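User: I have a structure open and would like to work through it piece by piece. Can you take my questions one at a time?

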Protein chains: 2
Amino acid sequence: MKDQIVISKATIDRLPLYFRTLRQIQQEGVEIISSEELGRRIGVTPEQIRKDLASFGEFGKKGVGYFVRELIRNIGEILGLHRNWNVAIIGVGHLGWALANYRNFSSLGFNLAAVFDVDPARVGQIVSGVEVTHLDYLEKICKERNIHIGIITVPAQFAQDIANRLVASGARGIWNFAPIKINVPPEVRLVSEDLSVGLSSISYYLSRQADQ
Amino acid sequence: MKDQIVISKATIDRLPLYFRTLRQIQQEGVEIISSEELGRRIGVTPEQIRKDLASFGEFGKKGVGYFVRELIRNIGEILGLHRNWNVAIIGVGHLGWALANYRNFSSLGFNLAAVFDVDPARVGQIVSGVEVTHLDYLEKICKERNIHIGIITVPAQFAQDIANRLVASGARGIWNFAPIKINVPPEVRLVSEDLSVGLSSISYYLSRQADQ
DNA sequence: TAGATTGTTAATCGATTAACAATC
DNA sequence: TAGATTGTTAATCGATTAACAATC
C-alpha cells in the first residue's frame with residue numbers, strides 16, 4: 001500500500017462491487033480483463049476503476065489488463081475478507097431472519113456466530129445453523145464467541161442500548177438497520193443502512209416526471 | 001420550487017432522513033425546531049440542513065426555526081409520498097418476505113399491491129395481506145393493479161428479465177436487491193441496493209485498525 | 001515494432017462548510 | 001430593540017473525468 005494517498009470513501013464502497021463482478025467473470029472462465037470491459041459490466045468508467053485500484057498498488061499489466069484471479073485475491077485482502085470475521089445478529093424479526101439466511105455473506109467470508117432475540121418463542125430455534133440465544137446473554141456469548149461485528153435489526157427504540165452492549169462486549173463494527181441514529185465510540189466502525197432512502201428517492205423522481 | 005437551482009442527489013437522499021426524524025420529533029410533542037437541534041438529532045450539520053431545505057423553498061422562519069408539522073408536510077410532498085404508489089415485490093425469498101412485512105414502507109405511503117414468485121408452494125399464500133401470484137401472470141397483474149414500482153428480490157440471473165417485464169408492464173421505478181447490474185430505459189428510475197457494501201466496508205476499516 | 005492498456009497528473013465538476021446579511 | 005436563526009453567497013474540499021506518458 002502507498003503512503004501518502006488518501007483513499008476516498010467512495011472508492012472503498014466500489015471495491016465490493018468490483019469483487020463481486022470479478023468473481024462472476026471468473027466463473028465464466030475469463031482470466032484477463034481490461035478496465036474497459038470490467039467498467040462496462042459494472043456500470044462504472046474505466047478511468048474510475050483504474051484510479052480506484054491504483055490507490056492500493058499496481059495490480060494491472062500495461063497493454064494487457066488485469067489478471068482476474070490475482071485481482072480478486074488482492075481486492076479480497078484489501079477489504080479484509082480473508083480475516084473470517086465473527087458476526088452476530090441481534091433481533092430475529094423478518095429482516096434479521098433474512099440477513100441470517102443471506103448466502104452472500106458467508107460467501108464473502110463472514111461467519112454467523114451468534115443470533116439473539118428477546119422473544120421466548122424464538123429463543124432455542126435454529127436460524128441458518130445457529131441457535132437463537134436470549135438477549136440477556138448477549139455479553140457472555142459475544143465474549144465467548146469473539147464477535148467482531150454486530151448487526152442490529154431490533155426496533156428503533158432499543159437500537160442504542162444494543163449498540164452500547166455490543167461495544168462493551170468487544171464488538172468493533174456495527175451494522176445498523178434500525179431507523180434511528182446511534183452513537184458509538186470513535187474506534188468502533190458504524191455503518192447505518194436506511195431502507196427508506198431508496199424507495200423514497202424513486203418516489204421523488206417519479207413525482208417530477210409526472211409533473212412535466 | 002425554484003427555477004435554476006440544481007438539487008444534488010445527496011440532498012434527495014437526506015430528505016427521507018429528515019422526514020423520519022421530524023416525525024419522531026413530532027411524536028414527542030415538539031412543534032418548532034431549529035436546524036441546530038435537528039442537525040444534532042440526525043448527525044448532520046445545521047448548514048447542511050438549511051441548504052438542503054432552501055433548495056426547495058423557504059420553509060423556516062428567521063430567528064425562530066422550522067414548524068415541525070409544516071416541514072413534515074412539505075418534505076413529504078417534495079418526496080411525492082402523498083401519491084400512494086403501488087408497489088410489487090418479485091421474489092418471496094427471505095429478503096422479499098422481510099420487505100413485504102416492513103412496516104416503514106406503508107407508513108411512508110407505499111401500497112403493497114402485488115407479490116410474485118415461481119415456487120408453487122408459495123403461490124396462493126398471503127404475504128402481508130397480499131396473495132402471492134405466479135410469476136407467469138406478472139404482466140397481467142401489474143397492468144390491472146397499476147404497479148408503479150417493482151422491487152426485485154430474485155436471484156441475480158433472473159433479475160434483468162424481471163426488470164424488462166416490469167418495464168413492459170408499465171412500472172416506472174425499479175428497486176433492485178439482486179447483486180447484479182441491470183439495465184433499464186432512461187425514463188425508468190432504477191435504484192440498486194447492494195447489501196454486501198456495508199458489511200465489506202466495515203471489514204475494510206477493521207482490518208486497517210488491526211494492522212496498526 | 002505497433003497496438004493496447006495501465007498508472008498518474010491535471011482539469012473539471014459537484015458537494016460541503018464557512019460566513020454573514022436579512023429578518024423574525 | 002436585542003437575540004436568535006434562517007437563507008444565500010463565497011470559499012473550500014473532495015471526487016470524477018480527461019489526457020497522456022509509460023510500458024507490456
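User: How many residues of chain A are in contact with chain B, and which element gives the largest share of that side?
Analyst: This is a predicted model. In it, 50 residues of chain A are in contact with 50 residues of chain B. Several elements of chain A give two or more residues to this side, including α1 (9–27), α4 (68–79) and α9 (195–211). The largest share, 14 residues, comes from α9(A).

User: How do the residues on the side of chain A that touches chain B divide by class?
Analyst: Sort them into charged, polar and nonpolar. Charged residues number 9 and polar ones 14. The nonpolar residues number 27.

User: Within chain B, how are α1 and α4 oriented to each other?
Analyst: Two packed helices are described by the angle between their axes and the distance between the axes. Here α1 (residues 9–27) and α4 (residues 68–79) of chain B pack with axes 9 Å apart, at an angle of about 150°. That makes α1(B), relative to α4(B), roughly antiparallel.

User: What is the handedness of that crossing, and which classes of residue make the contact?
Analyst: The crossing of α1(B) and α4(B) is left-handed. Among the residues that meet are L15(B), F19(B) and L22(B) from α1(B), and L71(B), I72(B) and I75(B) from α4(B). By class, the contact has 2 charged, 2 polar and 12 nonpolar residues.

User: Which element gives the most to the surface near DNA strand D?
Analyst: There are 28 residues around DNA strand D, and S8(A), G63(A), S34(B), G60(B) and G63(B) come nearest. Both chains give elements with two or more residues: α1 and α3 (46–54) of chain A, plus α2 (35–42), α3 (46–54) and β3 (65–67) of chain B. The surface has 11 charged, 9 polar and 8 nonpolar residues. With 6 residues, the element that gives the most is α3(B).

User: Which strands stand at the edges of the sheet in chain B?
Analyst: The open sheet has 7 strands with mixed pairing, in the order β6-β7-β5-β4-β8-β9-β10. An edge strand here has a single partner, so one side is left without a neighbour in the sheet. The strands in that position in chain B are β6 (126–127) and β10 (189–192).

User: In β7(B), which residue is the bridge partner of D117(B)?
Analyst: Strands of a sheet pair through backbone hydrogen bonds, either parallel or antiparallel. In chain B, β5 (residues 111–117) and β7 (residues 130–134) pair in the parallel sense over 3 bridges. The bridge partner of D117(B) in β7(B) is H134(B).

Definitions and conventions:
Residues are numbered from 1 along each chain as its sequence is written. Chains are lettered from A and ligands numbered from 1 in the order in which they are written. This is a predicted model: local features need pLDDT of at least 70, side-chain atom pairs count only at pLDDT 80 or more; totals for chains, interfaces and linings use all residues. Two residues are in contact if their C-beta atoms, placed from the backbone, lie within 7 Å. Helices (H or I, at least four residues) and strands (E, at least two) are DSSP runs, numbered from the N terminus. Ala, Val, Leu, Ile, Met, Phe, Trp, Tyr, Cys and Pro count as nonpolar, Asp, Glu, Lys and Arg as charged, and the others, Gly among them, as polar. Axes are lines fitted to C-alpha atoms, for helices over the stretch in contact, and angles run from 0 to 180 degrees between N-to-C directions. Angles under 35 degrees count as roughly parallel, over 145 as roughly antiparallel, 65 to 115 as roughly perpendicular and the rest as oblique. A crossing is left-handed if the near helix is turned anticlockwise from the far one by less than a right angle, and right-handed if clockwise. A residue is near a molecule or strand if its C-beta atom, placed from the backbone, lies within 6 Å of it. Two strands pair if DSSP finds at least two bridges between them.
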